[in-house]
Amino acid sequence: MDHAAHLMKLHGLPGCEFPSPTSKRELPEPENVAWRISCNPYDRDGEEGFAGRFQRFLDTVDTTRVRALIFGIWGEAYGNASSAVIEPLVAAKDRLPALEAVFIGDIEAEEAEISWIEQSDVTPVLDAFPRLRELGVRGGSNLSFPAVKHEHLRTLRFETGGLPGAVVRGVCDSELPALERLEMWLGVEEYGGDATVADLDGLLSGGRFPQLRHLGLQNSEIQDEIAAAVAAAPVVAQLASLDLSMGILTDAGAEALLEGQPLTHLTSLDLHHNFFSEAMEQRLSDALEPSGVQLDLSEKGDEDDDGEGEVWRYTAVSE
């Protein structure tokens, strides 16, 4: 499974690449698509540069009707932070009054590995667009998210091979009363994923996000610890769906979930990319599926045995 492929849609709208300057393709109605704006410096039309392409988008499309923006590659991976996207976007806020969704870093592995994507402080987007409903970010290098207050954000998503603990704490300290969906790919320490279970306390204790119905704490090398914390977390009672996939989740984490608070109220529990034994898979199925929980136990994680008793396991996404 390619966990970092280009988005096919955002905010329920199909993705549509804003074309190069030589294209003669007819453009769709502005409100009917999620506009993807990217500029690969190695492409034939890359000399336009991201700033030029974004300005041409503003001058070509009726931006008063644009509802969703997807930002792809904006320059070479090294030394080009997402501030190159965020600053012109914020400067154009008055030209985008209908904007509801933004995704920053829709870059797949052939363009740049996920942990090579240079991010920055993404919260100016929330400050500039107080009616934004969805924000997504890919890449954790130099990512910053100080605590914010936003009245209308419903979906917040971080896709990383390593999510800084400071970002996790910033999210958990934020005031987001409308937030319904939160997903964080926590990643591995080697690529900046230094968050601990303690960093999640403000979230797991409940009450911080009263409208939260979906929680994803994914892609972690401490997935068993996270599962144990979630098993006793008050926030779980308010959820409809829970995603603990993509990480190093073993029978120990699954045992914690089975011994913890009931999960039978969930409509779905995603545990794909796991390291479960067949016996544990059966126990999970027997405990949850009769209550109608949609359980995903697919995709076994990769592991290596050094032949001397040492087993190495890997998250779905790291570099």
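Visitor: Before we start, what do buried, exposed and partly exposed mean here?
Guide: Buried means under 20% relative accessible area and exposed means over 50%. Whatever falls in between counts as partly exposed.

Visitor: Okay, this is a predicted model. Where is Asp194, and is Asp194 buried, exposed or partly exposed?
Guide: Look in the loop between strand E8 (181–187) and helix H5 (201–204) for Asp194. Its relative accessibility is 47%. The cut-offs are 20% and 50%, so Asp194 counts as partly exposed.

Visitor: Which residues gather with Asp194 in a patch of negative charge?
Guide: That patch sits on the surface. Besides Asp194, its members are Glu189, Glu190, Glu221 and Glu319.

Visitor: Now Asn142: is it buried or exposed?
Guide: Asn142 is in the loop between strand E6 (134–138) and strand E7 (155–159). It has a positive phi of about 60° although it isn't a glycine. Its relative accessible area is 55% and the cut-off is over 50%, so Asn142 is exposed.

Visitor: And Met246, buried or exposed?
Guide: Met246 also has a positive phi, about 75°, without being a glycine. You'll find Met246 in the loop between strand E10 (241–243) and helix H7 (251–259). With a relative accessible area of 2%, under the 20% cut-off, Met246 is buried.

Visitor: Which residue in E3 is the bridge partner of Gly15?
Guide: Start with strand E2 (residues 13–17), which pairs with strand E1 (residues 9–10) in the antiparallel sense. E2 also runs parallel to strand E3 (residues 34–37), joined by three bridges. In E3, the partner of Gly15 is Ala34.

How values were computed:
Residues are numbered from 1 along each chain as its sequence is written. This is a predicted model: local features need pLDDT of at least 70, side-chain atom pairs count only at pLDDT 80 or more; totals for chains, interfaces and linings use all residues. Side-chain values use heavy atoms; hydrogens and water are left out. Patches are made of residues with over 30% relative accessible area and no salt bridge: like charges are joined within 9 Å, nonpolar side chains (Val, Leu, Ile, Met, Phe, Trp, Tyr) within 5 Å. Accessible areas come from the Shrake-Rupley method with a 1.4 Å probe; for residues, only the protein chains shown count as cover. A salt bridge is a side-chain nitrogen of Lys or Arg within 4 Å of a carboxyl oxygen of Asp or Glu. Lys and Arg count as positive and Asp and Glu as negative; His and the chain ends are not counted. The place of a charge is taken as NZ of Lys, CZ of Arg, CG of Asp or CD of Glu. Helices (H or I, at least four residues) and strands (E, at least two) are DSSP runs, numbered from the N terminus. Buried means under 20% relative accessible area, exposed over 50%, partly exposed in between (1.4 Å probe, protein chains only). Two strands pair if DSSP finds at least two bridges between them.
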